[in-house]
Amino acid sequence: MESFDHVIVGGGILGASIAWHLSCKNAGSILLLERNELASAASSRAAGLIIQASTKFAKTPLAKLTRDTIPLLVEELGESVGYHDVGSLRIAASSERALELDAMTADAEKNDIPYDWLDGVEAAAMAPWLDPSPILKAVFLPTDGYVDPYLLSMAYIRAAQARGVIVRPRTEVTDVLTEGDKVVGVMTDAGQVFCNTVIDACGVWAAIFSERVGYPLPMAPVRSHYWMTEPNESYGGEHPMTILPDVSAFTRPEVGGLVLGIQEPQSATFDAHDLPKDPAAFSPTKGEEHWDLLADASEAVAQFFPGIMQAQFSSYVCGLSSYTPDGEIVLGPVPGIDGFLAASGACGSGITLSAGIGDVIADLALSQQPVFDITTFRPDRFGPVDPFSEHFRAQCAAARASKSRKVN
Ligand SMILES: Cc1cc2nc3c(=O)[nH]c(=O)nc-3n(C[C@H](O)[C@H](O)[C@H](O)COP(=O)(O)OP(=O)(O)OC[C@H]3O[C@@H](n4cnc5c(N)ncnc54)[C@H](O)[C@@H]3O)c2cc1C
């Protein structure tokens, strides 16, 4: 019978990062199990933005660790992760959003994240497609960037394997084995594996997986999506990403064109039980046509990007992210079950938070105090909830709608 110290369930970016962080802390024997191909779910569909400062201050140090980790991984492996060091521009066109910028820059300063205040004209000089006229205030954060999320996931995996982690794709975990209130192993479609720690990094399936120990995690699958334009030299080539909280949108450059992401006022949500095991077989639509969704948002976005009406959009990417009602992660020990750790509910920021989440879970698995304050992320912070109910899912969709804002 096989036996490991730690079993990680889920081979997306969070499972991958946890594996690498555990291996860096000499945590003993580590097994990562993924039922499909590695990084084939949300982690390969992400837009790849690594935005360190946000309106959710508890996350900032975790995000900063990812930004700091990327060059270390690249050096360790000698491989690129497709990181583009372009910086980000965060724009405010209303007094509420301007106040958020003040609070966010104070938090950035606390975390040693550099930034510069800009006026609208200076911001538009960095992103030539941007109309300066509605801009009240803007901040440039030069150390933000974007990454290829698949390459970063695989870099964590390869670096973990080089340090002895066993990685098995196409192996499903079907149950958690317990004795009393203690985890003792997992059942897989290839047999039993004994272990002391089980880490639930199952992405949008994490609440279903944690049902195995009688504790469905408080999170729900919510649709995220973005569109891409054809190259257009007037957009400015490699230039900063932009966050436009007034219109719930973001952009980043993409081979001479733009990626435009939009947070819908009410995103589609799903009961995780209804999702197929292989996300390739699933399109998160509810009968809507994505061009209509883009058209609905275009008028608002046009105040910043007047060229949107003429833009040649050539592709659309959508997928599911796990959201929580308060927009914070679900991270840490699941109450009442010794040895079961949750690493999910990343609320559309799992790429950004990957190293921070990996570091926290590795410390917890080793019964050490994480260096970051994780009280905001406690799995039991909502009390008992039914995460599959329509009411709960609507709360999670609302958190996506206001993702880049503190005040709704
Ligand atoms: C369109 C889109 C754009 C996004 N853009 C960004 C962005 O710009 N920046 C950012 O930071 N984040 C972004 N995100 C969010 C980010 O992609 C996610 O937060 C992140 O990928 C979550 O990683 P994960 O490892 O938790 O989940 P996943 O990558 O979904 O991996 C979970 C894995 O668990 C496996 N699994 C589930 N159950 C089992 C089981 N029983 N046994 C074995 N394996 C199992 C699944 O097969 C899956 O591969 C975006 C998401 C989407 C959909």
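Predicted model: local features only at pLDDT ≥ 70, side-chain atom pairs only at ≥ 80, totals over all residues.

Now widen the selection to strand β11, residues 182-188, and strand β12, residues 191-194. The two strands pair in the antiparallel sense over four bridges. Strands of a sheet pair through backbone hydrogen bonds, either parallel or antiparallel.

Which strands make up the open sheet, and in what order? Four strands form it, in the order β1-β12-β11-β10, and the pairing is mixed. Select β1 (2-3) and β10 (173-179) to see the edge strands, each of which pairs on one side only.

Two packed helices are described by the angle between their axes and the distance between the axes.

Select helix α1, residues 13-24, together with helix α6, residues 149-162. Their axes come within 8 Å and cross at roughly 30°. Angles under 35 degrees count as roughly parallel, so α1 is roughly parallel to α6. The crossing of the two is left-handed.

Next show the side chains at the contact. On α1, pick I13, A16, S17, A19, W20, H21 and S23; on α6, pick P149, L152, S153, Y156, I157, A159 and A160. By class, the residues of this contact of α1 with α6 are 10 nonpolar, four polar and no charged.

**Helix α1 with helix α9**

The α1 side of the contact is I13, L14, S17, I18, H21 and L22. The α9 side is S354, A355, I357, G358, D359, I361, A362 and A365. Colour the contact of α1 with α9 by class to find nine nonpolar, four polar and one charged residues.

**Helix α3 with helix α9**

For the last stop, keep α9 and select helix α3, residues 60-77. How do α3 and α9 pack? Their axes are 6 Å apart, at an angle of about 105°, which makes α3 roughly perpendicular to α9.

Show L62, L65, T66 and T69 in α3, which meet S354, A355, G356, I357 and D359 in α9. The contact of α3 with α9 divides into four nonpolar, four polar and one charged residues.

Note on methods
Residues numbered from 1 in each chain as written. Heavy atoms only, no water. Axes fitted to C-alpha atoms, helices over the stretch in contact; angles between N-to-C directions. Parallel < 35°, antiparallel > 145°, perpendicular 65-115°, else oblique. Left-handed = near helix turned anticlockwise from the far one by under 90°. Contact = heavy atoms within 4.5 Å. Nonpolar A, V, L, I, M, F, W, Y, C, P; charged D, E, K, R; others polar. Pairing = 2+ DSSP bridges.
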